[in-house]
Amino acid sequence: MTQVIETPIIEGAEVSALLPQKPPMEMVDKLWFHDDTYSISGLLIKEDNVFCKDGFLCEPGLMENIAQTAGLRLGYMVQQKQKNGEAIKPPLGYIGGIRNLVIHQLPPVGAELKTEIFVQAVVFEVTLISAKSTINGEPVANCEMKIFLKKD
C-alpha cells in the first residue's frame, strides 16, 4: 500500500518534538503520511548517523527506524488530540519482539529511507505492526514488530 506523496506532513524540529529520542539517536526526520492504521516516515541517512558503518546504515539502525516510525505515528496522533483540547501525554514505547525480519540491502549514506508501517492490532498496551522500508521503491527491510507502551 505505497502512497505517492510529494511533501511531508511534518519534518525536522517538528518531528523531533514528537519523539522521546533525541539526537544522535533520532532515526526519523519526516512524516510523509498518516491515517488511523498506516504511516510513512522518512530518514535522510547522514554519514554521522550513529548506526552507520563503512558508508551504510546497519541493521540496528533499520530496526530503530521502524520502531521510531511507530513512535512518530503515536506522537503525531497525540499532538492532533492535544490540538483538539484533549490533555494527553505521549507514552514511551519499547520493542517487545521482531518476527520475520528480512534485510534486502543496507541503505547507503545520502539515501532517503522511507518506512511504511501498518498497525495490525492493538491489545491493551501492545501494538503489533508490519513494516516495510524502501529506497526509491526498492526493498530494504521488512518485518513484524511488537511494541509495548509504558503505562504511567
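Here is a friendly conversation about a predicted model, asking why its parts are described as they are.

Student: What makes valine 123 partly exposed?

Tutor: The middle class lies between the buried limit of 20% and the exposed limit of 50%. Valine 123 is at 49% relative accessibility, so valine 123 counts as partly exposed. This residue belongs to strand β7, which covers residues 112-123.

Student: And why is arginine 99 called exposed?

Tutor: Exposed needs over 50%. Arginine 99 has a relative accessible area of 52%, so arginine 99 is exposed.

Student: Now the sheet. How do you know that β2 and β3 pair?

Tutor: Pairing takes at least two bridges between the strands. Strand β2 (residues 30-34) and β3 have four bridges, and they pair in the antiparallel sense. One example is phenylalanine 33, whose bridge partner in β3 is isoleucine 40. A hairpin of three residues joins β2 to β3.

Student: What joins β3 to β7?

Tutor: Seven bridges do, and the two strands run antiparallel. Here isoleucine 40 stands opposite glutamate 116 in β7.

Student: What is the order of the strands in the open sheet?

Tutor: The order is β1-β2-β3-β7-β8-β9-β6, seven strands with antiparallel pairing.

Student: What makes β1 and β6 edge strands?

Tutor: Each pairs on one side only, β1 being residues 10-11 and β6 residues 93-103. For β6, the pairing with β9 has eight bridges and is antiparallel.

Student: How many bridges join β8 to β9?

Tutor: Ten bridges join them, and the strands run antiparallel. Lysine 132, for example, stands opposite asparagine 142 in β9. The hairpin of β8 and β9 has two residues between the strands, and asparagine 136 takes a positive phi near 50 degrees there.

Student: Why is strand β3 described as mostly covered?

Tutor: Six of the seven residues in β3 (residues 38-44) are buried.

Student: Let's turn to charges. How do you know that glutamate 112 forms a salt bridge with lysine 30?

Tutor: The nitrogen and the carboxyl oxygen must lie within 4 Å. The closest N and O atoms of glutamate 112 and lysine 30 are 3.3 Å apart, so the pair meets that limit. Glutamate 112 is partly exposed at 24%, whereas lysine 30 counts as buried at 12%.

Student: What makes the contact of lysine 132 and glutamate 116 a salt bridge?

Tutor: Their closest N and O atoms are 3.7 Å apart, and the limit is 4 Å, so they form a salt bridge. Lysine 132 lies in strand β8 and glutamate 116 in strand β7, so parts 16 residues apart in sequence are tied together. Lysine 132 counts as partly exposed at 32%, whereas glutamate 116 counts as buried at 7%.

Student: How many salt bridges does the structure hold?

Tutor: There are four. One of them joins glutamate 144 and arginine 99, at 3.2 Å from N to O. Glutamate 144 is in strand β9 and arginine 99 in strand β6, 45 residues apart. Those two residues also stand opposite each other in the pairing of the strands.

Student: Finally, the nonpolar residues. Which residues touch the most other members of the largest nonpolar core?

Tutor: Leu57, Leu62, Ile66, Leu113, Ile129 and Met145 do, in a core of 23 residues. The elements giving two or more residues to this core are α2 (59-83), β7, β8 (126-135) and β9. Apart from this core lies another, of eight residues, including Ile10 and Tyr76.

Student: Which residues form a nonpolar patch on the surface?

Tutor: Leu92, Tyr94 and Phe148 do, with about 270 Å² of accessible area together. A patch residue needs over 30% relative accessible area. Phenylalanine 148 is at 36%, so phenylalanine 148 passes that limit and counts as partly exposed. Its place is in strand β9, residues 138-149.

Terms used:
Residues numbered from 1 in each chain as written. Predicted model: local features only at pLDDT ≥ 70, side-chain atom pairs only at ≥ 80, totals over all residues. Heavy atoms only, no water. Buried < 20%, exposed > 50% of the residue type's maximum accessible area, 1.4 Å probe, protein only. Patch = residues over 30% accessible without salt bridge, like charges linked within 9 Å, V, L, I, M, F, W, Y side chains within 5 Å. Areas by Shrake-Rupley, 256 points an atom, 1.4 Å probe, with all protein chains shown as cover. Salt bridge = Lys/Arg side-chain N within 4 Å of Asp/Glu carboxyl O. Core = buried A, V, L, I, M, F, W, Y, C linked by side-chain atoms within 4.5 Å.
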